[in-house]
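Subject: Structure handover

Hello,

Here is the structure I said I would pass on. My notes on it follow below.

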Amino acid sequence: MSGAALVLRQFRFTNKAFWRNPASAFFTFAFPLMFLVIFTSLLGSGQIKLNTFELDAATYYVGVMATFGVISACFTNIAIQTTFARDEGLLKRLRGTPLPAPAYMSARVLHAMAVGAILVVITFLFGLVAYSSPLPTGTPLLEFILTFLVGSLAFAALGLALTVVIPNADAAPPIVNAAILPLLFLSGIFIPLGDDAPAWIRTVAGIFPVKHFADAMRAGFLGNLTVNTPLGTIRVFPFDWMDVLIVALWGIVGLVLAARFFSWEPRR
Amino acid sequence: MAERVIDVQGLHKSYGDVEAVRGIDLHVERGEVFALLGPNGAGKTTTVEILEGYRERNAGDVSVLGRDPARGGVELKRRIGIVLQSTGVDPYLTVRETIDLYAGYYPSPRNVDEVIDLVGLAEKRNTRVNKLSGGQQRRLDVAIALAGDPELLFFDEPTTGFDPNARRNAWEIVKNLTGIGKTIFLTTHFMDEAQYLASRVAVIAKGKIVAEGTPGTLGGRDRMQTRIRIRPPDGSPAPSVDGQTRLPDGSYEMRTEDPTKAVHDLTSWALEHGYAFDFLEVTQPSLEDVYIELTGGEEGRA
């Protein structure tokens with residue numbers, strides 16, 4: 001069997017098993033929507049001031065919750081599920097079969113990306129129906145898709161890299177949450193982060209990939225929003241390649257660390 | 001000479017300062033069931049995991065199916081099946097799906113339903129793995145190892161933690177595999193398991209092989225002294241036979257290299273005096289006796 005066929009076959013079995021754990025599947029999809037509803041309900045139909053532009057709170061949260069969904073699917077879930085598979089000896093068993101390690105990992109990452117993509121679509125459709133949030137078209141849509149691909153791969157690589165420091169399955173959820181939750185808060189996912197945010201928060205957010213990913217996702221999602229200025233019509237949220245580049249660099253770092261230190265056997 | 005499926009010379013393996021394996025030589029021929037028998041911490045799992053390709057060795061020559069397992073890669077893995085001590089599977093797939101998934105990794109897998117029948121899981125074919133009992137999950141482990149139709153199967157302590165029934169079942173499955181021409185390498189710390197399953201046994205203690213042979217001849221067991229125990233009826237004098245020891249319960253024990261004569265002497269003495277023994281027992285040294293002697297009666301490092 002060719003490499004691609006092996007990956008596809010592994011993907012099919014991974015997917016089959018995923019949907020047979022209804023609780024897990026349900027919460028994976030319900031979580032970002034739940035946050036979306038909570039945040040928009042709390043902030044009502046208010047406006048969020050980002051720099052000089054005022055944006056519907058609902059539209060803002062539709063964008064960031066799509067980002068949050070991708071990070072959950074590709075970073076949080078991969079780190080936790082891979083640690084469990086490692087601790088149960090599933091990875092060790094696979095290591096004793098002819099299945100090439102990259103085929104297994106690719107299938108796992110592709111599945112996480114597929115879940116992330118479904119989450120984005122659900123969030124956007126929910127936003128469109130419930131809050132009349134706009135959907136991106138044209139170039140912004142392509143920018144969004146590119147950001148999604150780079151970001152989901154990068155966060156998956158970082159999730160795999162994080163398993164290196166997780167000693168056992170019990171420790172996986174707290175460690176993964178400790179790694180990602182502060183960054184979600186510091187990067188404007190749960191609370192909007194404007195230019196008036198404290199300098200240290202902006203510095204920290206600028207180092208890590210979450211804010212860059214969220215900014216690029218938003219630039220794509222809201223890329224069709226423009227304002228007229230004396231200098232002409234410009235995008236409210238311009239797409240910055242630097243954001244994508246920084247996310248990609250983080251992904252490469254994650255991949256290198258994972259390739260070097262990843263453990264296929266339970267660590268005790 | 002039969003083909004050597006596994007050949008190990010001078011194998012050494014250390015973890016830090018701890019020498020887990022200290023110079024092992026062993027070989028396994030095609031079609032054999034070979035048991036590596038030893039107490040916990042003797043180096044069994046280290047040895048089998050080197051053969052399986054999980055661990056690098058520090059020194060020694062190791063050949064598995066003509067390849068070095070440390071560099072055997074996919075080619076070697078296609079020809080072996082591994083049953084580890086504890087391994088996970090996806091709990092949400094069924095028995096059949098799980099075996100099918102693994103069978104797909106191999107170039108010429110065994111028919112999935114045939115594998116299911118071989119391990120006795122036919123009735124659980126469409127049951128999800130998380131609904132299986134412990135014993136059934138172990139059968140599934142064997143089934144997964146068989147999925148690729150390997151020539152050589154490794155079992156690391158296949159029945160540790162089993163109840164007696166489950167052990168018997170597991171043993172029958174292993175016996176079935178020899179019937180279809182598989183070579184089997186197993187590790188165990190149960191003497192009876194080695195005795196029942198293996199055609200050849202090597203005893204490992206503290207990282208070294210201390211004896212090797214068939215279960216019947218291991219450690220010179222066939223040449224060791226036979227033990228005879230009798231209990232004369234109450235009130236009778238001690239039997240006039242050499243080398244006897246009186247035990248606290250009033251019976252006598254003697255060890256001899258000539259049990260035919262010793263039993264004759266004892267029964268003649270009894271008949272002459274009109275005694276009937278309360279009991280008479282003649283035992284060959286058990287594999288357990290040999291084992292305890294060989295491994296120093298020590299449990300070793302857990």
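In chain B, strand E8 (residues 200-205) and E9(B) run antiparallel and are joined by five bridges. One of the pairs is Val201(B) with Gly213(B), its bridge partner in E9(B). Helices (H or I, at least four residues) and strands (E, at least two) are DSSP runs, numbered from the N terminus; two strands pair if DSSP finds at least two bridges between them.

This is a predicted model, in which local features need pLDDT of at least 70 and side-chain atom pairs count only at pLDDT 80 or more, while totals for chains, interfaces and linings use all residues. Residues are numbered from 1 along each chain as its sequence is written, and chains are lettered from A and ligands numbered from 1 in the order in which they are written.

E8 and E9 belong to an open sheet of six strands in chain B, with the order E5-E6-E7-E3-E8-E9 and mixed pairing. Its edge strands, E5 (80-83) and E9 (208-213) of chain B, each pair on one side only.

A second open sheet in chain B has four strands in the order E11-E12-E10-E13, paired antiparallel. Strands E11 (244-246) and E13 (279-283) of chain B are at its edges with a single partner strand each, so one side of each has no neighbour in the sheet. Strand E10 (residues 226-231) of chain B is joined to E13(B) by five bridges, and Arg229(B) has Glu281(B) as its bridge partner in E13(B).

Chain B is divided into domain 1 (4-220) and domain 2 (225-283), with bounds from an automatic or database domain assignment. The centres of these two domains of chain B, taken over C-alpha atoms, are separated by 45 Å.

The largest nonpolar core has 144 residues, and those touching the most other members include Cys74(A), Ile99(B) and Val203(B). Such a core is a set of buried Ala, Val, Leu, Ile, Met, Phe, Trp, Tyr and Cys residues joined through C-beta atoms within 7 Å. Buried means that 20 or more other C-beta atoms lie within 10 Å of the residue's own, with C-beta atoms placed from the backbone. Helix H3 (residues 57-87) of chain A gives the most to this core, 18 residues.

Where the chains touch, 17 residues come from chain A and 18 residues from chain B; contact means C-beta atoms, placed from the backbone, within 7 Å. Helix H2 (73-77) and helix H3 (95-103) of chain B are the elements giving two or more residues to the chain B side.

Regards

Terms used:
Two residues are in contact if their C-beta atoms, placed from the backbone, lie within 7 Å. A residue is buried if 20 or more other C-beta atoms lie within 10 Å of its own, exposed if 12 or fewer, and partly exposed in between; C-beta atoms are placed from the backbone.
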